[in-house]
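Please keep the sequence and the model in view while reading the points below.

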Amino acid sequence: MIHTPPRVTSMPRAQLIQLADYSSIAFAQVGSGEPIVLVHGALCDYRYWEPQFIPLASKNCVLSLSLSHYFPTRDLNHSFTFNWNTHVQQIVQFIDIVAREPVHIVAHSRGAYLAFHLAHRFPGRLRSMTLIDPIGFTKNGEILDCYASLCQMNTLHTRAAGLINKGEVDAGLALFVDSVSCQGTWAQSPDKFKTIVRDNAHTLWLQIIDQIPDFSAHEASEITLPIMLVVGEKSPSIFHQNIECLRKHVKGASQITMAGVSHGMNLADPHTFNRLVLNFIRENSQT
């Protein structure tokens, strides 16, 4: 059983743990019951899930992760390689060390890509999976009409990383955030979100050089876990295409389009988002 921490009303500071390879990850924890693990996406960390942290803990233990290299683990992990496969392994170790039982995983963007591979390779660690606007690209030419959009996004991200490396951090972050959401999103973002993204700006170039494999229809067809796929109505087309491909190939997957929101839907409409996630987890809970 997971140790139940004292009752909290806001997200606490993260705890640090060292893994078998001596890399470090961080997490915040609240509540008790079947564990929910929250996995952030690019340029974010455990604080990204603050609007979900307490609401999801009504009947569950909520564990919000910061993977290696992301705040607050940057200095602890500077000598370790940044790549998607390492992050998948870190999530597995975290589940084994901290949760110590299968978890409901809720993952956003790059985190959703990691969770997809976690579900394919380590299904015994999971009870259910919620994937929100997963990054990636499908192979076998299934969505060739989206190739130009993907190339354009990659070009923008490289430009953004260049601006950050030159010290024009906010200009680079604005370019990145707007490219995965809507024009003007960075300018309209609250200060808390901007602080999180600035604290993780150094990871953008690391992510760009980390060549992630395409989504595989065959791998998707082998996933048998309960899975909910969530996309923002206003999210860029690449996310809609990825969600549609996964819905097509993962047997029994449900798909939800959140109206009026884009990539950061859990921040833009936390009430609706939290309700969707809680309902899905309750439907797939053993308690």
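**Aromatic rings**

The count of aromatic pairs comes to five, where rings of Phe, Tyr and Trp (its six-membered ring) pair if their centres lie within 6.5 Å, and planes under 30 degrees apart count as stacked, over 60 as edge-to-face and the rest as tilted. The model is predicted: local features need pLDDT of at least 70 and side-chain atom pairs count only at pLDDT 80 or more, while totals for chains, interfaces and linings use all residues. Residues are numbered from 1 along each chain as its sequence is written, and side-chain values use heavy atoms, with hydrogens and water left out.

- Tyrosine 48 and tryptophan 49 form an edge-to-face pair, 5.3 Å centre to centre with 80° between the planes.
- Tyrosine 48 is buried, with a relative accessible area of 3%, and tryptophan 49 is buried at 0%; buried means under 20%, exposed over 50% and partly exposed in between (1.4 Å probe, protein chains only).
- One aromatic cluster is formed by Tyr48, Trp49 and Phe273.
- Arginine 47 lies over the face of phenylalanine 71, at 3.9 Å from the ring centre (the rule asks for NZ of Lys or CZ of Arg within 6 Å of the ring centre and within 35 degrees of the ring normal).

**Sheet and helices**

- Eight strands form an open sheet of mixed pairing, in the order β1-β2-β4-β3-β5-β6-β7-β8; strands (E, at least two residues) and helices (H or I, at least four) are DSSP runs, numbered from the N terminus, and two strands pair if DSSP finds at least two bridges between them.
- β1 (15-18) and β8 (254-258) stand at the edges with a single partner strand each, so one side of each has no neighbour in the sheet.
- Strand β6 (residues 126-132) pairs with β7 in the parallel sense over four bridges, and isoleucine 132 has valine 230 in β7 as its bridge partner.

**Nonpolar core**

- The largest nonpolar core has 92 residues, among which Leu65, Ile91, Phe94, Val106, Leu118 and Leu131 touch the most other members; such a core is a set of buried Ala, Val, Leu, Ile, Met, Phe, Trp, Tyr and Cys residues joined through side-chain atoms within 4.5 Å.
- Helix α2 (residues 84-99) gives the most to this core, with eight residues.

**An exposed loop residue**

- Threonine 224 lies in the loop between α9 (217-221) and β7 (227-232), and is exposed, with a relative accessible area of 72%.
- Threonine 224 and alanine 119 are 105 residues apart in sequence and 8.7 Å apart in space, C-alpha to C-alpha.
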